[in-house]
Protein chains: 2
Amino acid sequence: VNAIDTSCAHLRVPTLLTDLYQFTMAYAYWRSGRHNEPAVFELFFRDNPFGGGFSLFSGMHDCLLFLQSFRFTDEDVEYLRSVLPPATDPAFFLFLRELDCSGVTLHSVPEGTVVFARVPLMEVSGPLAVVQLLETSLLCLVNYASLVCSNAARFRLAAGSRRKLLEMGLRRAQGPDGGLTASRYTYVGGFDMTSNVQAGFLFGIPVAGTMAHSYVTSFSSLEEVWPQVMAANGDHDNIDLISLTKGWLGRVCELLGAESGKIHEGELAAFLSYAIAYPHNFLPVIDSYSVTCSGLLNFCAVALSLFELEYSPLGVRLDSGDLCRQSVEVRHVFRLCSEQFSIPAFQSLLIVGTNNISEYSMAELNKKENEIDVVGVGTHLVTCTRQPSLGCVYKLVEVRGSPRMKFSEDPEKSTVPGRKAVYRMLDTEGHPFLDLLCLCEEPAPKACVAVRCHPVVGNKTCQSITPSQVSCLRLEVYTKGQVSLLDPVQHTHTSQPEDDWPPL
Amino acid sequence: VNAIDTSCAHLRVPTLLTDLYQFTMAYAYWRSGRHNEPAVFELFFRDNPFGGGFSLFSGMHDCLLFLQSFRFTDEDVEYLRSVLPPATDPAFFLFLRELDCSGVTLHSVPEGTVVFARVPLMEVSGPLAVVQLLETSLLCLVNYASLVCSNAARFRLAAGSRRKLLEMGLRRAQGPDGGLTASRYTYVGGFDMTSNVQAGFLFGIPVAGTMAHSYVTSFSSLEEVWPQVMAANGDHDNIDLISLTKGWLGRVCELLGAESGKIHEGELAAFLSYAIAYPHNFLPVIDSYSVTCSGLLNFCAVALSLFELEYSPLGVRLDSGDLCRQSVEVRHVFRLCSEQFSIPAFQSLLIVGTNNISEYSMAELNKKENEIDVVGVGTHLVTCTRQPSLGCVYKLVEVRGSPRMKFSEDPEKSTVPGRKAVYRMLDTEGHPFLDLLCLCEEPAPKACVAVRCHPVVGNKTCQSITPSQVSCLRLEVYTKGQVSLLDPVQHTHTSQPEDDWPPL
């Protein structure tokens, strides 16, 4: 959390990016002299998202940056003066101008932790008016980060550990910052890489991508290929790549019994141009016209030329139609070429699938025969179509040491009063099996000592449980205006990048 | 579009906030000498959102700011050098460093226009490599802005023109910028105001809001009210407000046959403190404990005190339970007080309803008896739960004057080749009835002259139609690197702010 980060944070989350009622309430607190009373708020969500059993908590680092940069400028205060009622005492604006988070302390679950509904994930304590003013921004920062991180984890669980997962949702995200947040936290949630360059730049996430259909359709003839020559890997003598590839195309058509008349010359030109530009990184999209009649044949011809020139093409991308069926056909052709032309590596070229993948269709990949190595996911991942909001809330639980509670016409909206400690209980194998909420003043549970507890859901009968280990779920990460602990992000990656990854 | 705006735009949409494949394609174009070939892309969506019949187009201004600020910094280029394949020619990075949108021209539908699926809403023309590089950012800026604007319009249609609509979704939005974009474009789509202060600051949208439950629950006794006195409107003599209100509370309980024992003293203290702070702007949330047993009684007592002191309280907010039923009960009590205490204005106090309102529940308000004057909408509005992405695409239609087309394994993903003109045909009453796509070189249709056309959906038989008026749907808004037309936003507001609005 350095100065540069903080200044950017202020631009991303301006201190005015909050609800007006935070200011009217702050004024009423100030007017009655209560603004500095010590208060405690808790942040939690009421239901696990996506009809599932867990969530991944995220957004803590963004919250720390926000707290660090929390200040009102003269311009902010002048605007507030123009929208708050004329009755507002001018001294209140001087008070706002001096406000910062130097009295605020934050306890938080570490980034990337598996968490559950109704467990307080953050505790924000400090002067009543200040911790009230923080509400909307903290909710905004945690809500979407945790939601999209949880969504990514569900995609990862559905995909299994073998497949590589690429996040590519920027264009469909809810605004530019939504896209950047998605790239950042889907990586935390288990994705391997992103198409988002700015996310790579800011967060060091591996970036990937090769070409779109527009690249392919921009070519119409082999005359557009330039240069038309290329040297073999490590060599300097140029070889006529067009003739070489035409030769391979003939052999491929013969092998597969394909009609050369249906092959799109523009597509071949596009593939050749790309191969000349990036001979080590050839992975074209092959369904701009027809996979079986054109794209696959053109790919094989160019890839065989590259192999002959001692380069290693990477594979293909399929972007429409039945990805499973097509991947099987493509792999079959790869195996035929591998055998026919004695190129072992040809059979294990990558097949990337991208076509409106949902969590459901990701899970289907494990049931249907397919040869897809890498899956790119966009819309359903980043916008969380199944449930596009997590519904975190921020509730007052204590003022001046005395507990606070809200009742409600909707019973589930009632709150649990008092400042709490949250313990994660682990079994003999080190697996967490229960999160225990106590009041702060209650003694902490101890390993191997039975403790009686009341479940908040299901059978509410009092139970006795004995943990093998006990850990505090939350850590004090911000103490009286200073970042006190910046824990590393807990990555849930089930697969590690290989040396030749990302495919570029 | 001034210098300050542009510098902010660059921070919101950094030029690297795009997909990596835009750079690999740009390099391949550059490598084959094709980067400056004149190219034309079209931006459109394939299906009207929310299962409906229309969308509102939005995001054009953001696109203009992005085009104006499109430049790569040295730091950007160094990062790209680190992630593009080592084979990339170093001269390409010099080319990127010099790149801008001075060769780009944009035709766009004006902000806020009603538009339909498959009609090209933007046409982006310029050097092939540049207009390719713009794809992801333009899509990202148009997709969500248009989606949330359309969603707001549907809420407005469901609400009818009478009710005031407040957007209050920031805390549930997909990131801070998602929340700001939502506030901005739901206003364009027909909302009256927002809770989002930054949106008010940046875009001049009326802001509103008074208090949350935390404000109410932070009070526990009347001793926390300070000062406990208040002068009548326009007067200087302080009156003991606590005694005054206790007197009114007794009369209200008597009138309604209510038990004073169930009244929450902390809630009364909260209402009094707020009334003292903002006597002209009293609109508390009344369901923190129980509307009928506490909140409504406390409100009436404080509101009657304010009326006696010649202030005008505004009304109440209901935030849980059956809003319709409760609003009827509340209005009934308002009428009783109005009559009993001879205060005509009491019966027409505002009732604000906020409780997870969806488009469906908004429409239900017109079928069920209720007395809700203002509806606040959050989650369902800003995250567009029914369909959280619009699915705009950006397709190449022409290169060097020659049309381009993509076929696809999914027939609906095939594109219509060639650069087009789009005409909106109006009937004798001035209502639009058809959008006509022609190739640019075709003659424009003329008013009162029959033209033959092929519907793209439904009955595809050729039809003859005769418009009474013809207008161009798109305007040239950006010409060779310069903003050439900044048209006013077309507000679709069905109601105008009143003098006493927003309620603060």
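**The interface and its symmetry**

A: In this predicted model, 111 residues of chain A are in contact with 111 residues of chain B, where contact means heavy atoms within 4.5 Å. Residues are numbered from 1 along each chain as its sequence is written, chains are lettered from A and ligands numbered from 1 in the order in which they are written, and side-chain values use heavy atoms, with hydrogens and water left out. Local features need pLDDT of at least 70 and side-chain atom pairs count only at pLDDT 80 or more, whereas totals for chains, interfaces and linings use all residues.

Q: What area is buried between chain A and chain B?

A: The size of an interface is often given as the accessible area lost when the parts come together. Here the buried area (accessible area, 1.4 Å probe, that two parts lose on being put together, summed over both) is about 9,300 Å², and carbon and sulfur atoms give 60% of it. On the chain A side, the residues that lose the most area to chain B are Arg171(A), Gln174(A) and Tyr278(A), together 10% of what that side buries.

Q: Which rotation superposes chain A on chain B?

A: Two copies of a chain are related by a rotation about an axis and a shift along it. For this pair, the rotation is 180 degrees with 0.0 Å of shift along its axis, and the RMSD is 0.0 Å; copies are superposed by least squares on the C-alpha atoms of residues with pLDDT of at least 70 in both. That is the relation of a two-fold axis. The same surface serves both copies, as 100% of the contact residues of chain A recur in chain B.

Q: Which residues line the largest cavity?

A: Rolling a probe the size of a water molecule over the atoms shows where empty space is left. On a 1 Å grid over the protein atoms alone, a cavity is a set of points where a 1.4 Å probe fits but cannot get out, and lining residues have an atom within 4 Å of a point. Grid points are joined across faces, edges and corners, and a volume is the space filled by probe spheres set on the points. A search of the whole structure finds one cavity of 30 Å³ or more, and the largest holds about 40 Å³ of space. Its lining consists of His213(A), Ser214(A), Thr217(A), Lys395(B), Leu396(B), Lys406(B) and Thr415(B).

Technical notes: On a 1 Å grid over the protein atoms alone, a cavity is a set of points where a 1.4 Å probe fits but cannot get out, and a pocket is an open set with protein on both sides within 12 Å along at least five of seven lines; lining residues have an atom within 4 Å of a point.
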